[in-house]
Amino acid sequence: MDDMPGYMRYCLNTGKLVFLAILVSGGIVLQILACALYNNWWPMLSAITYVILPMPLLFFAGSDDSSMFSESDNTWVNIAKFLTGASTLGGIAIPSILKHAGVIGWAAFAMELSSFFVFVLAILCYLGMSEQDSYSML
């Protein structure tokens with residue numbers, strides 16, 4: 001990618017950002033549709049986990065990205081990993097509990113889970129793009 005002209009690299013990086021924006025927008029639309037189509041706003045409860053999810057990483061892990069993917073003796077990084085995992089589990093558990101209690105139907109449950117997996121796909125794509133670190137070459 002180093003032999004490409006600067007405008008071509010810029011265009012490809014913009015396309016990656018647009019792809020991420022479409023994924024996140026699709027997840028938000030699925031989240032809202034799961035509530036609005038069935039006139040039941042209880043599934044929006046799982047949106048709280050999407051807001052809470054990055055908080056442990058922001059507060060406890062600091063700015064060192066490599067510490068999140070490696071073994072660490074730092075207690076605060078381990079706490080951040082645990083809380084992030086617990087809030088991620090909440091993204092699946094809340095719709096499951098609502099379905100089990102009979103508060104939401106199968107269709108809303110399926111839309112909630114698909115919204116969760118679209119968000120997970122967006123995060124994985126972002127991590128894959130940030131490993132290349134091609135934005136710093138502009």
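## Aromatic pairs

In this predicted model, there are 3 aromatic pairs, where rings of Phe, Tyr and Trp (its six-membered ring) pair if their centres lie within 6.5 Å, and planes under 30 degrees apart count as stacked, over 60 as edge-to-face and the rest as tilted. One of them joins Tyr-50 and Phe-119, whose ring centres lie 4.7 Å apart with the planes at 55°, so this pair is tilted. Tyr-50 belongs to helix α2 and Phe-119 to helix α5, 69 residues apart, and the pair thus links distant parts of the chain; helices here are DSSP runs (H or I, at least four residues) numbered from the N terminus.

Phe-116 and Phe-117 form an edge-to-face pair, with 5.4 Å centre to centre and 70° between the planes. Phe-116 counts as buried at 6% relative accessibility, whereas Phe-117, at 49%, counts as partly exposed; buried means under 20% relative accessible area, exposed over 50%, and partly exposed in between (1.4 Å probe, protein chains only).

Most residues other than glycine have a negative phi. Asn-39, although not a glycine, has a positive phi of about 50°; Asn-39 is found in the loop between α1 (6–36) and α2, and is exposed, with a relative accessible area of 67%.

## Basis of the values

Residues are numbered from 1 along each chain as its sequence is written, and side-chain values use heavy atoms, leaving out hydrogens and water. Local features need pLDDT of at least 70 and side-chain atom pairs count only at pLDDT 80 or more, while totals for chains, interfaces and linings use all residues.

Methods: Helices (H or I, at least four residues) and strands (E, at least two) are DSSP runs, numbered from the N terminus.
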